[in-house]
Amino acid sequence: MKSKNILISLLILLMVSSTAIILEISLSRLFSYMLSYHFVFIIIAFTLFGLGTGELLYYYSAWVKKRINLFYSLLPYGILVSYNLLLVINRIAFFSSPAINLFVNISLSILPFVNIGLVKADIFQKHKIKVTWFYGVDLLSCAAGALVTIGILNSIGLPKAFFVSYILFGLAGLLFWFLRADNEKRRFLHGMVWVILIIGFGWLTFSTYAIDPTISNDKNKDMRRLMSNPVVKSRILDTDWNSFGKTDLVEFTNQDGSVEKVMFIDGAAGTELISLKALKNETPGYLQKLQHFPAFFDLNFLDENEKDSVLIIGPGGGIDIAVAWLQNFRQIDAVEINPSFVKLLKKYNSSTFAEKKNIAVVVGEGRNFVRKTKNKYDVVMLTIPITKGGRGTDFYGLTENYLFTLNALEDYLNILTPEGRVIFTMHNPPEAYRMLSNYLKLMETRGINGKAAMQNVLIYSKGTMPVLVIKKTPFDRSEAQIKHLLAHRNNFGSGVFFIPYIPQIKVDTVFENKSYQWYMFDQLIYGISQNKFNYQQISEAALLNLKPVTDDSPYFFNYENGIPRSLMSLFILSLIIMGWIIFRTVKGWKFRQDTRPSTQKKFKFLAIIIFLLGISYFFIQSYLFQVMNLQLSNPAQSFSLLLFTFLLGNGLGSFYSGLFRKNFMLKAGFYSLIVAIVMFGISVFLIPVLAANEVSQLFMIVILLVPAFIIGIPFPLILKEVSAEQEYILPLFLGISSLVSMATAVIVIIITMLWGYSYLLWLGISGYLLIAVLLVRNYRITLKTEKL
């Protein structure tokens, strides 16, 4: 009977842990549609806070322990309540205020995770003798949940993912009733009642009405703003959910009767569908749209031998493809990260995306495609390939950040033909300045000064959407003179403007008794071209953060110096949580009155170890995910695959730690030292090889499994050490670990923004070395004490 109870408890843990990951990733996708990307990260961080809160509540509250059966029953209903309220409340005008909206969404998201924390704490406490085995199952379940979520989102969509979570929690509750029932009759009756309730409430929630999340009143959400325009009729033609997000195709009918079709991803980053068929039929307005396309100007000057091939990263609705086709490029390759875009565009814009033999559209991440392709291109085009969606491993970094780093620019230059060029069309001047800083820094590493480097650069705009052209070889002087003349004639000399070899023109004028100076070229950029100053001086003097961006700190769109305001409140909360844990550890956590002073001292010491392990674990995990993420082609799938592999290794490590019978703290110290040594070896010898060579996905998994396995050993050994000591102490350590993980998730973003992911590696290695020293030292002191 005992083994049967253990098996049922393991099954419940498997369902609860895997569902928690499914729910967390699904919430990230839901909020990515409803809110701005930086709010997504904040809310997801709070789910870890909810988990830790539940575990600590179980430890502190006798009331909770007596009524724990109730919380098993509430598992599926927690999802129903939170999910329905999230959808309903966001439609109410009162809650549209950003501050209120954020608070409500955080509160509703936390609720089910507090319940999950309570249930997991109860399972671990009731089976504390086999804690390493249960912890291993917990990790493997999370790994399975991470992998399964992508399949669920891609096959049945986000709304059904919440339904799957609801069903799994319902099955966990049903198993619990079978476990707790006194006899077969009661077990059957409880089971029948439970099934009826689950089916009834599930049907009411998921089947009786269509689920349509509401976009928040946010300036980044173009779809809501455009569809709210009273003078333009709009309707959603088609929608597709997948692991990348929600893609909507919207038809707008203007007052003059003209119709535009615009595609949105998560309610933002709208891109108009441009049809080659309509262009060929000379549909009114189409040719004019292409002529106003900013990159069109530079493409007009290409010779025939410069039109063999073009690579378009982020083709959107097809305007880049249409321009390249109109310019008679012989081969047009386009890489689109969102499979739903390609799916809907092939359906509604087949003339651009499916019917031309010389146009190839590939689903994949642009940077990954560039690193792996064997082709050479005359032109690489990036026209504002912005999704405004968090897809990174931290839910904060935008997907497109990696397209605009110094390392990315180097990759683009490497696939150009000798006469090739990269054309960036940016949103605004700061983006152009920052991308230029990347280029100048890259040239500096090659021993090329600003004056020589700027001979390869052309910048023009009509006041907005500046175009930055970087050629592999210097521009021809005669070509530059012609471009200069035509740029002014076509009003491309407004805003950020620079053409090499052309002297600066300065005009002094007086307006309303005030003296003004007008410069033809951007004075800062022109100064760089004359070696009067360099990009570093501009970056340091600028009010915005315009410093070069690398893969090590890939936050291209973060223009704030220091800690971003959107993260400041969460950063302060993280410091408060860290401070509270340290304070409670020093002062002493709540223990049973009969706990010996020596045991209390041991618990305090182990709480410090858990604290350090949580921080070091997250640092190392974040570093490994970042350096390996670029090797995989789909950001959402990359995150899930990396998380699956890492948690799988951790789970296997936990099972391995269950084989040990004594000296748990000494062994935890030994394996902490091994973690530090292995990570040092990986960073020095293996990571450079990965960066320079193409490796298979299987090889990546094997590489990640090795450190993940070793990293998964120390923590369960500490749990094993405390599990035999005092009743109910295990949930305390689980709660500390969860809260530390939440706080560290925020601190990771701050560190990588300010200094880079490489700092995380060395901080993580230092943390594991410190843990090893502390545990070995404690073991030696304990031996001496026992001898006395």
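This is a predicted model: local features need pLDDT of at least 70, side-chain atom pairs count only at pLDDT 80 or more; totals for chains, interfaces and linings use all residues.

Modeller: Residues are numbered from 1 along each chain as its sequence is written, and side-chain values use heavy atoms, with hydrogens and water left out.

Colleague: What makes the contact between Glu251 and Arg235 a salt bridge?

Modeller: The term requires a side-chain nitrogen of Lys or Arg within 4 Å of a carboxyl oxygen of Asp or Glu. For Glu251 and Arg235 the N to O distance is 2.9 Å, so the pair meets that definition. Glu251 lies in strand E2 (residues 245-253) and Arg235 in strand E1 (residues 233-242), 16 residues apart, where strands are DSSP runs of E with at least two residues and helices are runs of H or I with at least four, numbered from the N terminus.

Colleague: Which parts of the chain does the pair of Lys347 and Asp238 link?

Modeller: Lys347 and Asp238 form a salt bridge at 3.2 Å, N to O, and the pair joins helix H14 (residues 339-348), which holds Lys347, to strand E1, which holds Asp238, across 109 residues. Lys347 counts as exposed because its relative accessibility is 56%, while Asp238, at 18%, counts as buried.

Colleague: How do you know that Arg421 and Asp298 are buried or exposed?

Modeller: Arg421 has a relative accessible area of 1% and is therefore buried, and Asp298 is buried at 0%. Their salt bridges belong to one network, in which shared partners join Asp298, Glu306, Arg421, Glu479 and Lys483.

Colleague: How many cavities are there of 30 Å³ or more, and what lines the largest cavity?

Modeller: The count is seven cavities of 30 Å³ or more, a cavity being a set of points on a 1 Å grid over the protein atoms alone where a 1.4 Å probe fits but cannot get out. The largest cavity holds about 1000 Å³ of space, and its lining comprises 44 residues, where lining residues have an atom within 4 Å of a point.

Terms used. Buried means under 20% relative accessible area, exposed over 50%, partly exposed in between (1.4 Å probe, protein chains only). On a 1 Å grid over the protein atoms alone, a cavity is a set of points where a 1.4 Å probe fits but cannot get out, and a pocket is an open set with protein on both sides within 12 Å along at least five of seven lines; lining residues have an atom within 4 Å of a point. Grid points are joined across faces, edges and corners, and a volume is the space filled by probe spheres set on the points.
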